[in-house]
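Please keep the sequence and the structure in view while reading.

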Amino acid sequence: MSMVTESIDVDVPVRSAYNQWTQFEDFPSFMEGVEDVRQVDDQHCHWRTKVAGVQREFDTEIVDQLPDERVSWRTVGGDVHQKGVVTFQRLDEAHTRVSLAMDFQPEGMAEKAGDALGVLDRRVKGDLKRFKGFIEERGQETGGWRGRITPGGTDRGAPQPQGSSPDRPVPGPGLFPTDPDGKRFG
């Protein structure tokens with residue numbers, strides 16, 4: 001597997017950045033090559049991507065989600081094998097650092113060559129820049145899911161109105177939670 005790590009600072013409160021990231025069906029608005037994301041339930045999404053003319057479909061499972069701190073996922077079926085975590089660090093009242101760490105398994109010669117050339121690293125960096133533009137230009141999130149998901153269980157949460165609780169700090173830079181297989185990112 002190959003590892004990609006990228007971070008970006010966004011000019012919105014941590015709550016807004018986190019809430020927007022939980023709106024998986026909006027991902028095609030800022031993720032290159034993502035054609036569709038359909039949220040099946042609180043923990044599962046179905047993805048359809050097209051990269052370099054190759055269309056792929058796969059399913060993901062959210063294995064750890066803590067509001068304003070992190071979302072951790074892994075693929076559970078389909079053409080893609082990956083796992084990752086995105087974390088949210090409150091920098092101050094109006095700024096947040098969004099950090100993404102992802103392990104993926106390149107398939108075929110084209111993906112392996114692209115991996116060797118750093119194509120995915122650049123794509124993830126571009127996706128985070130587009131996320132920054134998306135949330136900053138809107139001025140607010142399109143929605144948010146504030147439930148808690150832990151490995152092996154879900155605390156069913158409902159979408160929360162904006163501003164219903166103050167931002168709270170999250171772990172500092174370089175502190176990534178445990179990934180779905182029990183290893184640490186970072």
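The buried residues of helix α3 are covered by elements that include β1 (2-10), α1 (14-21), β3 (44-51) and β7 (95-104). The model is predicted, and its protein chain averages a pLDDT of 83.

**Helix α3**

- Helix α3 spans residues 119-138, which makes 20 residues.
- From its first C-alpha to its last, α3 reaches 28 Å, close to the 28 Å expected at 1.5 Å a residue.
- The buried residues of α3 are Arg123, Val124, Gly126, Asp127, Leu128, Phe131, Gly133, Phe134 and Ile135.
- An α-helix has 3.6 residues a turn, so residues three or four places apart point the same way.

**Helix α1**

- Helix α1 is mostly covered, with 8 of its 8 residues buried.
- These buried residues are Val14, Arg15, Ser16, Ala17, Tyr18, Asn19, Gln20 and Trp21.
- They pack against β1, β4 (54-66), β5 (70-78), β6 (82-92), β7 and α3.
- Ser16 is found in this helix, and it counts as buried because its relative accessible area of 12% is under the 20% cut-off.
- Apart from neighbours within four places in sequence, Ser16 is in contact with Ile135 and Glu141.

**The largest nonpolar core**

- The largest nonpolar core holds 34 residues, of which Trp21, Phe27, Trp47, Val71, Phe88 and Val98 touch the most other members.
- Helix α3 gives the largest share of this core, 5 residues.
- When neighbours within four places in sequence are left aside, the contacts of Val98 include Ile8, Ala17, Phe88, Leu128 and Phe131.

**The largest pocket**

- The largest pocket has a volume of about 940 Å³.
- Its lining is made up of 41 residues, and Val51, Gln82, Met102, Leu120 and Arg123 lie nearest its centre.
- The elements that give two or more residues to this lining are β3, β4, β5, β7, α2 (108-116) and α3.

**Confidence of the prediction**

- Of the residues in the protein chain, 77% score a pLDDT of at least 70.
- Over residues 158-186 the pLDDT is below 50, and this stretch has 67 contacts in the model beyond near neighbours in sequence.
- Where pLDDT is low, the predicted coordinates should not be read in detail.

Conventions:
Residues numbered from 1 in each chain as written. Predicted model: local features only at pLDDT ≥ 70, side-chain atom pairs only at ≥ 80, totals over all residues. Heavy atoms only, no water. Helix = DSSP H or I, 4+ residues; strand = E, 2+ residues; numbered from the N terminus. Expected span 1.5 Å × (residues − 1). Buried < 20%, exposed > 50% of the residue type's maximum accessible area, 1.4 Å probe, protein only. Contact = heavy atoms within 4.5 Å. Core = buried A, V, L, I, M, F, W, Y, C linked by side-chain atoms within 4.5 Å. pLDDT = per-residue confidence, 0-100. 1 Å grid on protein atoms, 1.4 Å probe; cavity = no way out; pocket = protein on both sides within 12 Å on 5 of 7 lines; lining within 4 Å. Points joined across faces, edges and corners; volume = space filled by probe spheres on them.
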